[in-house]
Amino acid sequence: MDACHISHYQVAPYLNSKRMQGINKVTDPELAESIVFRRAVLFAIELRIDQAIIATDCLSLINKLKSKGLDRSHTGSFIRNIKIAAQESPVPIS
């Protein structure tokens, strides 16, 4: 696929699928945003999209994704998963 912008409305059915079971029990906003961001990256990879724009208003998540250091916070495993998935795919994170 060519570069495209996937809107929230296009991703919402995927994010609301059975794969998202349990997300409604997450009470920490940063953790919820990390989980959804990771799923959006994996969704773009699954669709074999060359470039994707995945937007978030969570500044702490953006800073963690841009950081070169190891994230030892409660969202660290999701941050590592997002970075690894992005490295192994054509979906850039910038």
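In this predicted model, Lys-64 has a relative accessibility of 18% and therefore counts as buried. The cut-off for burial is under 20% relative accessible area. Salt bridges with shared partners link Lys-64 to Glu-30 and Asp-71 in one network.

In one, Lys-64 pairs with Glu-30, with the closest N and O atoms 3.0 Å apart. Glu-30 is buried, as is Lys-64. In the other, the side chain of Lys-64 meets that of Asp-71, at an N to O distance of 3.9 Å. Asp-71 has a relative accessibility of 15% and so counts as buried. The count of salt bridges comes to 2.

The largest nonpolar core contains 8 residues. Its members are Phe-37, Val-41, Cys-58, Leu-61, Leu-65, Ile-79, Ile-82 and Ala-85. At least two residues of this core come from each of α2 (29–46), α3 (59–66) and α4 (76–87). Helix α4 supplies the largest share, 3 residues.

Val-41 is one of the core residues. With residues up to four places away in sequence left out, Val-41 touches Ile-54, Ile-82 and Ala-85.

Notes: Residues are numbered from 1 along each chain as its sequence is written. This is a predicted model: local features need pLDDT of at least 70, side-chain atom pairs count only at pLDDT 80 or more; totals for chains, interfaces and linings use all residues. Side-chain values use heavy atoms; hydrogens and water are left out. A nonpolar core is a set of buried Ala, Val, Leu, Ile, Met, Phe, Trp, Tyr and Cys residues joined through side-chain atoms within 4.5 Å. Buried means under 20% relative accessible area, exposed over 50%, partly exposed in between (1.4 Å probe, protein chains only). Helices (H or I, at least four residues) and strands (E, at least two) are DSSP runs, numbered from the N terminus. Contact means heavy atoms within 4.5 Å. A salt bridge is a side-chain nitrogen of Lys or Arg within 4 Å of a carboxyl oxygen of Asp or Glu.
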